[in-house]
Every structure is written in structure tokens, then in C-alpha cells.
Amino acid sequence: MFDEVDGADEMDGVSGDGVTRRPGSRRPKGPTGPKERRTARAGRPGRTAVSLLVLPLLGALVLVLGPTGPAPAQAASACSGRLVKTVTFSTGSLRVYKSRAYACAVAVAKKPGARRAMRVSLQPRGGRAVVDSGRFAKLAGPVTVHALNRCVRASGSVGGSSGSTGWILC
């Protein structure tokens with residue numbers, strides 16, 4: 001009938017401070033009345049003020065220093081799906097990816113750096129080729145075509161050398 005919770009006797013859900021609570025619940029910790037209010041010391045900033053200053057400084061530090069973890073594994077490709085074909089040549093490679101309904105291709109330079117002429121092309125059987133060409137430092141593409149139940153062929157070039165696939169994904 002009497003339960004002792006945090007030093008106060010409770011009888012049938014009524015605690016010593018006159019507040020009705022469920023049996024087994026605890027009295028709230030911290031100040032509950034005008035006598036028990038906590039005040040911050042004069043001249044010393046509260047915890048909230050310090051956190052308001054520290055959090056933006058930490059955020060700015062992260063922006064300045066950048067991410068500290070390793071680079072993501074898919075950084076070289078902007079295509080989604082699984083890699084189905086890789087054609088390598090002396091200055092780079094052609095990579096073809098396949099998701100459920102789409103095929104995607106990129107031409108990746110072996111040694112990224114200075115801008116050079118790069119080109120990637122992807123054509124579905126019975127359709128027009130999608131081409132991305134220009135002067136790029138790292139990769140040309142991605143180019144994507146609808147390839148649900150269709151064969152595709154891809155070609156790519158980096159600098160002076162090139163590579164291509166025949167009809168694949170048939």
C-alpha cells in the first residue's frame with residue numbers, strides 16, 4: 001500500500017507533494033517550486049550559450065578541412081547498377097553498367113589530370129546512340145539508354161586510343 005520512491009511515501013498514487021501519479025512512477029527530478037529554482041551564476045555563461053558558440057565553430061571546421069574518411073568506392077562512376085563489361089585500352093577504360101531497365105556507360109581515364117579529348121557512346125539495338133564527348137579530365141559520361149530486353153553496344157575513347165564492345169546484354 002505504501003511505496004517509497006525517491007524518499008517520498010506514496011499511497012494509492014498520491015505523492016507527498018500532492019500530485020497524483022500512476023503507481024510505480026517517479027517524482028520528477030530538478031526544481032519543482034519557487035524555492036528550488038536554479039539560477040546561473042552572474043558573469044558565467046550557461047551551458048546553452050556555450051553550445052550555441054561551439055556547434056557553429058565545429059561545423060565551420062568540418063567545412064574547411066573536408067571529409068576525413070576514405071573516398072567512396074563508386075567515385076569513378078556516376079552510373080548505377082552492376083558492372084557488366086569493362087574494356088581496357090592504353091589510356092583508359094570503357095565501363096558498361098546494367099540496372100533492371102537501363103544500361104549506362106562511362107569512359108574513364110587511366111591517369112586523370114590534364115583535360116583531353118574523351119568520348120563515350122551507348123546505342124540500344126534499333127535506337128539512336130547517346131554520345132557524350134568533349135575535353136574532360138577524368139571521365140566522359142555517363143550516358144544512359146533504356147535497355148529492357150534489348151541489346152546495346154558501347155564505345156569509348158580517351159586521348160588517341162579507344163575501345164568498344166560488340167552487341168552485349170542480349
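The model is a predicted one, in which local features need pLDDT of at least 70 and side-chain atom pairs count only at pLDDT 80 or more, while totals for chains, interfaces and linings use all residues. Residues are numbered from 1 along each chain as its sequence is written, and side-chain values use heavy atoms, with hydrogens and water left out. The secondary structure of the protein chain comes to one helix and 10 strands, where helices (H or I, at least four residues) and strands (E, at least two) are DSSP runs numbered from the N terminus.

**Overall picture**

- Read along the sequence, the elements of the protein chain follow the pattern β-β-α-β-β-β-β-β-β-β-β.
- Of the 170 residues in the protein chain, 28% are buried, a word that here means under 20% relative accessible area, whereas exposed means over 50% and partly exposed lies in between (1.4 Å probe, protein chains only).
- The protein chain exposes about 11,900 Å², and carbon and sulfur atoms supply 55% of this area; accessible areas come from the Shrake-Rupley method with a 1.4 Å probe, and for residues only the protein chains shown count as cover.
- Among contacts between residues at least 6 apart in sequence, 41% join residues that are at least 24 apart, a contact being heavy atoms within 4.5 Å.

- Strands of a sheet pair through backbone hydrogen bonds, either parallel or antiparallel.
- Strand 3 is joined by seven bridges to strand 4 (residues 92–98), and the two run antiparallel; Thr 88 stands opposite Ser 93 in strand 4.

**The sheet with the order 7-6-9-10**

- Another open sheet of four strands has the order 7-6-9-10, again with antiparallel pairing.
- At its edges stand strand 7 (130–136) and strand 10 (161–164), each with a single partner strand, so one side of each is left without a neighbour in the sheet.
- On average, and with direction ignored, neighbouring strands of this sheet are turned by 5° against each other.
- Strand 6 (residues 116–124) and strand 9 (residues 152–158) run antiparallel and are joined by seven bridges, and Gln 123 stands opposite Arg 153 in strand 9.

**Disulfides**

- The count comes to two disulfides, where a disulfide is a pair of cysteine sulfur atoms within 2.5 Å.
- Cys 79 and Cys 104 form a disulfide with their sulfur atoms 1.8 Å apart, and the torsion about their S-S bond is about -60°, so this disulfide is left-handed.
- This pair links distant parts of the chain, 25 residues apart, with Cys 79 in the loop between helix 1 (47–65) and strand 3 and Cys 104 in strand 5 (residues 102–109); both Cys 79 and Cys 104 are buried.
- Another disulfide joins Cys 151 to Cys 170, with an S to S distance of 2.0 Å.
- Cys 151 lies in the loop between strand 8 and strand 9 and Cys 170 in the segment after strand 10, so the pair ties together parts that are 19 residues apart in sequence.
- Cys 151 counts as buried at 12% relative accessibility, whereas Cys 170 is exposed, with a relative accessible area of 73%.
- When the bonded cysteines are numbered in sequence order, the pairing is 1-2, 3-4.

**Backbone details**

- Most residues other than glycine have a negative phi, and most peptide bonds are trans.
- Gly 141 and Pro 142 are joined by a cis peptide bond with omega of about 10°, and Pro 142 lies in strand 8.
- Asn 149, although not a glycine, has a positive phi of about 60°; Asn 149 is placed in the loop between strand 8 and strand 9 and counts as exposed at 76% relative accessibility.
- Leu 169, which is not a glycine either, has a positive phi of about 65°; Leu 169 is placed in the segment after strand 10 and is partly exposed, with a relative accessible area of 26%.

Terms used: Two strands pair if DSSP finds at least two bridges between them. Axes are lines fitted to C-alpha atoms, for helices over the stretch in contact, and angles run from 0 to 180 degrees between N-to-C directions.
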